[in-house]
Amino acid sequence: MDEIRRLGEVIERADAILMGAGAGLSASAGFDYTGVRFQKYFSDFAEKYGFRDMYSGGFYPYETLEEHWAYWSRYIYINRYRNAPKPVYEKLYELVKEKDYFVLTTNVDHCFQKAGFDKSRLFYTQGDYGLFQCSVPCHQETYDNETVIRKMVEAQGYEIAENGELYLPEGRRPERKVPSEWIPYCPRCGKPMSMNLRADDTFVEDTGWRKAAGRYADFRRRHQGRILLLEIAVGYNTPGVIKYPFWQMTYENPMAVYACVNLGEAAAPGEIADRSICIDGDIGETLKFL
């Protein structure tokens, strides 16, 4: 509790807050990729292929694009176009909304904007479930996918309730494929489209991505004084995006404070230990005391 109280005091005093957020933040908000939620939407895929989580299904080499997009359309819809079950992002926004803040995140589920965060203060470094790109790619543009994703899930037998929830009519099993006419192809070269997710060197950094990168760089230039670098639920899959740069920025700025909220992985290097706050806990629970 002492560290949580200390974090609250630093937030209150900080001139600016640079927030770095990882996948654990969305997990805390209820976006589980395993268990009951996985079974609810992907039990037919699990029965056929044996995988037990959404990530594994996303990497599976399906034989046809019709089946590939059946899986991915459900995946995208529930993780991008549905609100998170718990109001963790909303509570985080209430905590920082009066501050000069910026968010750097590897999350691709759009939860920050849905919770009220200013779009101009967000940098989604790893892409967005809501965007398609050419799989080659033959050009550096992305395309909104909400309309076609909805059509894909409905073509599998799902219906969309007024609150946006997906459900199957009683006695109906979902189709494990989408009609061929809904498969997205690049409007320029005709190759299949893919998700705008950073997995290899084909990732498209479109105009919006580059502008966000510029705003992030500008925020860092403007705030060399009393700043809080607040790292939330960032693991070690891609530490070079948030964790290591935050450590380096804290080390170089004697007025900066580094804070890490992470269940099981809250730590800071010795060089900045005296200006670090490490909270070993779930961010959703931590926010209840701030």
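Is Arg 82 buried or exposed in this structure? With a relative accessibility of 16%, Arg 82 counts as buried, where buried stands for under 20% relative accessible area, exposed for over 50%, and partly exposed for values in between (1.4 Å probe, protein chains only). The model is predicted, so that local features need pLDDT of at least 70 and side-chain atom pairs count only at pLDDT 80 or more, while totals for chains, interfaces and linings use all residues. Residues are numbered from 1 along each chain as its sequence is written, and side-chain values use heavy atoms, with hydrogens and water left out. Helices (H or I, at least four residues) and strands (E, at least two) are DSSP runs, numbered from the N terminus.

**Helix 3**

- Helix 3 covers residues 35-49, and although it has 15 residues, its end C-alpha atoms are only 16 Å apart, short of the 21 Å that a straight helix would reach at 1.5 Å a residue; the expected span is 1.5 Å times one less than the number of residues.
- A kink of about 90° is centred on Phe 42 in this helix, the bend at a residue being the angle between axes fitted to the seven residues ending there and the seven starting there.
- The buried residues of helix 3 are Arg 37, Phe 38, Tyr 41, Phe 42, Asp 44, Phe 45 and Ala 46, and the buried residues pack against helix 4 (54-59), helix 5 (65-80) and strand 7 (166-167), with contact taken as heavy atoms within 4.5 Å.
- Gly 50, which follows helix 3, has a positive phi, near 85°.

**Salt bridges**

- Side chains of opposite charge can pair when their charged atoms come close.
- The structure holds 21 salt bridges, each defined as a side-chain nitrogen of Lys or Arg within 4 Å of a carboxyl oxygen of Asp or Glu.
- One of them joins the side chains of Glu 165 and Arg 82, at 3.3 Å from N to O. Because Glu 165 lies in the loop between strand 6 (159-160) and strand 7, and Arg 82 in the loop between helix 5 and helix 6 (88-96), the pair ties together parts that are 83 residues apart in sequence.
- Another salt bridge links Arg 121 to Asp 118, at 3.9 Å from N to O; Arg 121 is partly exposed, with a relative accessible area of 25%, and Asp 118 is partly exposed as well, at 34%.
- Arg 150 pairs with Glu 146, their closest N and O atoms being 3.3 Å apart, and both residues lie in helix 8 (residues 146-155), 4 residues apart, which is about one turn of the helix. Arg 150 is partly exposed, with a relative accessible area of 29%, and Glu 146 counts as partly exposed at 35% relative accessibility.
- Salt bridges that share partners join Asp 100, Asp 118, Arg 121, Asp 218, Arg 221 and Arg 222 into one network.

**Arg 275, a buried charge**

- Arg 275 lies in the loop between strand 10 (257-261) and strand 11 (276-279).
- Arg 275 is buried yet has no salt bridge, and the nearest side chain of opposite charge, that of Asp 274, is 4.4 Å away; in this count Lys and Arg are positive and Asp and Glu negative, while His and the chain ends are not counted.
- A polar atom of the Arg 275 side chain lies 2.9 Å from the backbone oxygen of Ala 256.
- Leaving aside neighbours within four places in sequence, Arg 275 is in contact with Arg 6, Thr 250, Tyr 251, Asn 253, Pro 254, Ala 256, Val 257 and Tyr 258.

**Ala 212 in helix 9**

- Ala 212 is placed in helix 9 (residues 207-222) and counts as buried at 6% relative accessibility.
- Not counting residues up to four places away in sequence, Ala 212 touches Phe 102, Leu 122 and Phe 123.

**Backbone geometry in the loops**

- Most residues other than glycine have a negative phi, and most peptide bonds are trans.
- His 110, which is not a glycine, has a positive phi of about 70°; His 110 is in the loop between strand 2 (100-105) and helix 7 (111-114) and counts as buried at 14% relative accessibility.
- Ala 233, also not a glycine, has a positive phi of about 55°; Ala 233 lies in the loop between strand 9 (227-232) and helix 10 (243-252) and counts as buried at 13% relative accessibility.
- Val 136 and Pro 137 are joined by a cis peptide bond with omega about -10°, and Pro 137 is in the loop between strand 4 (127-134) and strand 5 (142-144).

Conventions
Polar contact = N/O pair within 3.5 Å; in protein donor to acceptor, adjacent residues only side chain to side chain.
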